[in-house]
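Visitor: I have a few questions about this model. Can you walk me through it?

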Amino acid sequence: NGYSASSSLSGKLFVKLTLPDYVSFYAAYNAVQMVFSGIAGSVAATGPAPDLFAPTFELSELHWSFDIGKQVFVRLGNQLISWGPSRVWTPVDFINLQKVDAFQSVDLRVGKPGLRLHVPLQSANVFLFTDFSGLVDAGSVQDPATSIAYAARFDATVGDVELGLTGFAGVKVQDKLGFDFSGHLLGLNLYGESAYTPAYDSGTQNVAIAVGASRLLGDLKRWTVSSEFFYNSSGSNLTGQYATMAGMLTLNPLYMGQFYGYVSVQASEFPAASLTSSASALANLSDGSFVIRLTESFALQNAVPFGVTVSWSGGGADKEFTWAAGNNSLAVSLTVRADF
């Protein structure tokens, strides 16, 4: 019943300066420039119209790092926190402003201003994070005693399993407690995360659990089969409500339903040495919508690596994966990525 098409250039511009044994400085900006954007027919707009004439720049991270006698490692400034082993759904990642998008080729999230301390132990790690993001609200400076939030993490290796415990608390934030693990069993790489959020003022109680597994197959270990499942107690079937939520900027993709699932198969050097093939399915099991992707990644000699993806979204109209493009919609994308 219609179509949409777009093209954009996006990247992370960064610089890192290091004075060995003393201090390092890191700064990164996200840059996005829309090149083309068009829509026709009954396809819904997924957001405000982009500006084709001006790029957008946004500070991602800017921080100083140093150590105290190689015993305590300090990072001060705007930063992203990476805690927990999950790949698609990350319940333990409740400190960052935005959830990581596992299906984007460039991470364009924005870090939080804060102070992170890392104390490595013989077979464990202790992390402390002081969150300064609440000190300024709507242009007004707030009381530090009630506006600063605190997070802590302890992880340790026990045999072949790594265990982690994470907490986040503050007067003006909803307290959270998380647990995660990763390890190996019967040839499988297993991992999982869980988070508990008690009721707080307008916030409701929530339990989130993500469990995943992967395994390498074949004599040369070129085939990888992986899966991940997610439970979100506060999620529900929101069929028919996604367009309204998009207009109100309240969409939280992959975290609105109660049950989700993801499975994929990837083969490197298949069907040729310069190709990597993959097939995956992502589903919101609460509303029955899904997207199936077939991707071919090319690593040709003397050429920038690129990938071609064909995807099909279905499961009914006005659901999480169909509200924008429609039910039984096809999409083709070309992605070129360069790192230097």
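Visitor: Is Arg337 buried, partly exposed or exposed, and what is its relative accessible area?
Guide: Arg337 is partly exposed, because its relative accessible area of 39% falls between the 20% and 50% limits. Keep in mind that this is a predicted model.

Visitor: Which side chain does Arg337 meet in a salt bridge?
Guide: Asp339. The side chains of Arg337 and Asp339 meet at 3.1 Å, N to O.

Visitor: And Asp339, buried or exposed?
Guide: Asp339 counts as exposed, at 60% relative accessibility. The cut-off for exposed is over 50%.

Visitor: How many salt bridges does the count come to?
Guide: Nine salt bridges. In general, side chains of opposite charge can pair when their charged atoms come close.

Visitor: What about Asp107 and Arg109, how far apart are N and O?
Guide: That salt bridge has an N to O distance of 3.0 Å. Asp107 is partly exposed, with a relative accessible area of 28%. Arg109 is buried, because its 12% is under the 20% limit.

Visitor: Which residue forms a salt bridge with Lys112?
Guide: Asp131 does. The closest N and O atoms of Asp131 and Lys112 are 2.7 Å apart. This pair links distant parts of the chain, 19 residues apart. Asp131 is in strand E6 (residues 124-131), and Lys112 is in strand E5 (residues 112-120).

Visitor: Are those two buried or exposed?
Guide: Asp131 is buried, with a relative accessible area of 2%. Lys112 is buried too, at 8%.

Visitor: Which residues are linked in a network of salt bridges?
Guide: Asp21, Asp67 and Lys70 are linked that way.

Visitor: How do the lining residues divide into nonpolar, polar and charged?
Guide: Seven are nonpolar, ten are polar and three are charged.

Visitor: Now the surface. Which residues form the nonpolar patch?
Guide: Val158, Val161, Leu163, Leu165, Leu177, Phe179 and Tyr196. Together they have about 580 Å² of accessible area. Strand E10 (161-169) and strand E11 (176-185) are the elements that give two or more residues to the patch.

Visitor: Which element gives the most?
Guide: E10, with three residues.

Visitor: Where is Tyr196 placed?
Guide: Tyr196 is in strand E12, a strand that also supplies at least two residues of the lining of the second largest pocket.

Visitor: Last one. Where does Asn302 lie?
Guide: Asn302 lies in the loop between strand E17 (289-298) and strand E18 (306-314). Asn302 counts as exposed, because its 80% relative accessibility is over the 50% cut-off.

Visitor: How far apart are Asn302 and Val88 in sequence and in space?
Guide: They are 214 residues apart in sequence. In space, Asn302 and Val88 are 32 Å apart, C-alpha to C-alpha.

Conventions. Residues are numbered from 1 along each chain as its sequence is written. This is a predicted model: local features need pLDDT of at least 70, side-chain atom pairs count only at pLDDT 80 or more; totals for chains, interfaces and linings use all residues. Side-chain values use heavy atoms; hydrogens and water are left out. Helices (H or I, at least four residues) and strands (E, at least two) are DSSP runs, numbered from the N terminus. Ala, Val, Leu, Ile, Met, Phe, Trp, Tyr, Cys and Pro count as nonpolar, Asp, Glu, Lys and Arg as charged, and the others, Gly among them, as polar. Patches are made of residues with over 30% relative accessible area and no salt bridge: like charges are joined within 9 Å, nonpolar side chains (Val, Leu, Ile, Met, Phe, Trp, Tyr) within 5 Å. Accessible areas come from the Shrake-Rupley method with a 1.4 Å probe; for residues, only the protein chains shown count as cover. A salt bridge is a side-chain nitrogen of Lys or Arg within 4 Å of a carboxyl oxygen of Asp or Glu. Buried means under 20% relative accessible area, exposed over 50%, partly exposed in between (1.4 Å probe, protein chains only).
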